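Here is a friendly walk through a protein model, with the strands and helices in focus. Have the viewer open as you read.

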Amino acid sequence: MSRVLKYPVVNTDITFNEIPDKMSYAIELGACAQHCVGCHSPELQDENIALTPLSDILEEAQDAIDAGANAIVVMGGTNNKHITDESLIYLLHKLSWIAPTGLYSGSEDEDRDKMIAVAGGCTWLKTGPYVEALGGLESIHTNQCFYHITQTYRVDGHNNVVSISPCFLDETHKFWKRVKNVT
Ligand code: SF4
């Protein structure tokens, strides 16, 4: 399956802004069908975009990590033409083997975002559509949430692990550190 998968990659970049305290290799996916009012990046809605093979995406991500980046973030994918839940999970899963990976989703369906992020082995998840009046993660009024995903283990009386479940720690406040007078 992996050999035929292709994705609408618009940009890649190194960023210090998307994952707190990390230098992230960002993969920006286009053909976004979310159509948020006041979209911060309208070019990402263009459906006529060349598709990039999975193997190329993984190779470039590995190069970025080898050059010093210490995280990967996938921007979009939960409501984009050319991408299914299955293909997004596959991409995230492959990237998570290279470095800790985050998913930035603009979807309104937080439960689905969480399912995709966990299935893809993600370490972080940003979920929620962009609402111009509320602002993005850096706004203390934002509707969006940024989660650090960890795992909780339940053990029996013999210390055998009987279940593992994801734990979503809300770290949205980390984006507010440059905002003064936040209490
Ligand atoms: S999810 Fe992001 S790229 Fe897509 S329409 Fe909304 S703001 Fe624009």
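## Sheet and helices

Met 75 stands opposite Tyr 104 of strand E6. The two strands here, E5 (residues 71-75) and E6 (residues 101-104), pair in the parallel sense over four bridges; pairing requires at least two DSSP bridges between strands. This is a predicted model, in which local features need pLDDT of at least 70, side-chain atom pairs count only at pLDDT 80 or more, and totals for chains, interfaces and linings use all residues. Residues are numbered from 1 along each chain as its sequence is written.

Seven strands form an open, mixed sheet in the order E2-E3-E5-E6-E7-E8-E9. Strands E2 (9-15) and E9 (161-170) are at the edges with a single partner strand each, so one side of each has no neighbour in the sheet. From one strand to the next, the twist averages 20°.

| Helix | Strand | Angle |
|---|---|---|
| H2 (residues 85-98) | E5 | about 160° |
| H3 (residues 110-119) | E7 (124-127) | about 160° |

How far apart are the axes of H1 and H2? Helix H1 (residues 54-66) packs with H2 at about 25°, and their axes are 10 Å apart. That makes H1 roughly parallel to H2, a term for angles under 35 degrees. Contact residues (C-beta atoms, placed from the backbone, within 7 Å) include Leu 58 and Ile 65 of H1 and Leu 91 and Leu 95 of H2.

Technical notes: Axes fitted to C-alpha atoms, helices over the stretch in contact; angles between N-to-C directions. Contact = placed C-beta atoms within 7 Å. Parallel < 35°, antiparallel > 145°, perpendicular 65-115°, else oblique.
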